[in-house]
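This report describes one protein chain for a reader who is new to structures. Please keep the sequence and the model in view while reading.

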Amino acid sequence: SLTELNLWRNQIGDAGAVGLGKALEVNASLTTLQLRRNQIGDSGALGLANALKVNGSLKKLWLDDNQITDAGAVGLAKALEVNA
């Protein structure tokens with residue numbers, strides 16, 4: 001099964017990040033996800049954050065060079081507080 005996915009620089013945007021988040025909610029094999037330079041903003045970050053609350057397999061998530069502000073970062077941080 002797939003353990004690493006590199007989607008660097010694919011213009012995924014918020015809608016794509018939300019979709020990936022929904023997939024991550026039920027995925028138990030992916031350990032690394034690279035989403036650098038994908039025009040992801042706060043709503044996309046919050047979609048990913050929802051997945052991080054329940055996904056225990058993802059260990060590495062790259063989100064640099066996106067448009068995530070403090071609001072999206074806070075959402076991700078709160079999700080990590082409940083992710084064990």
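## Terms and basis

The expected span of a helix is 1.5 Å times one less than its number of residues, and helices (H or I, at least four residues) and strands (E, at least two) are DSSP runs, numbered from the N terminus. The model is predicted, and local features need pLDDT of at least 70, side-chain atom pairs count only at pLDDT 80 or more, while totals for chains, interfaces and linings use all residues. Residues are numbered from 1 along each chain as its sequence is written, and side-chain values use heavy atoms, with hydrogens and water left out.

Which residues of α2 are buried? They are G44, A45, G47, L48, A49, A51 and L52, and what covers them includes α1, β3 and α3.

Two packed helices are described by the angle between their axes and the distance between the axes. Axes are lines fitted to C-alpha atoms, for helices over the stretch in contact, and angles run from 0 to 180 degrees between N-to-C directions. Helices α2 and α3 pack at an angle of about 0°, with their axes 8 Å apart, and they are therefore roughly parallel to each other (angles under 35 degrees count as roughly parallel, over 145 as roughly antiparallel, 65 to 115 as roughly perpendicular and the rest as oblique). The contact (heavy atoms within 4.5 Å) is made by D42, A45, L46, L48, A49 and L52 of α2 together with A71, G72, G75, L76, A79 and L80 of α3.

The axes of α1 and α2 come within 7 Å and cross at roughly 0°, so these two helices are also roughly parallel to each other. Here the contact is made by D14, A17, V18, L20, G21 and L24 of α1 and by D42, S43, G44, G47, L48 and A51 of α2. One of these residues, G47, is found in helix α2 and is buried, with a relative accessible area of 10%. When residues up to four places away in sequence are not counted, G47 touches V18 and G21. G47 and L24 are 23 residues apart in sequence and 10.0 Å apart in space, taken from C-alpha to C-alpha.

## The sheet and residue T32

The model has an open sheet of 3 strands in the order β1-β2-β3, with parallel pairing; two strands pair if DSSP finds at least two bridges between them. Strands β1 (4–6) and β3 (60–62) stand at the edges, each with a single partner strand, so one side of each is left without a neighbour in the sheet. On average, and with direction ignored, neighbouring strands of this sheet are turned by 0° against each other. Strand β2, made of residues 32–34, pairs with β3 in the parallel sense over 3 bridges.

T32 is found in strand β2 and stands opposite K60 in β3. Is T32 buried or exposed? At 8% relative accessibility, T32 counts as buried. Leaving aside its neighbours within four places in sequence, T32 is in contact with T3, E4, L5, L58, K60 and W62. T32 and Q67, in turn, are 35 residues apart in sequence and 21 Å apart in space, C-alpha to C-alpha.

## Two loop residues with positive phi

Most residues other than glycine have a negative phi, and most peptide bonds are trans. R9, which is not a glycine, has a positive phi of about 60°; R9 lies in the loop between β1 and α1 (13–24), and R9 is exposed, with a relative accessible area of 54%.

Phi of R37, a residue other than glycine, is also positive, with a value near 50°. R37 is found in the loop between β2 and α2, and with a relative accessible area of 40% R37 is partly exposed.

Technical notes
Buried means under 20% relative accessible area, exposed over 50%, partly exposed in between (1.4 Å probe, protein chains only).
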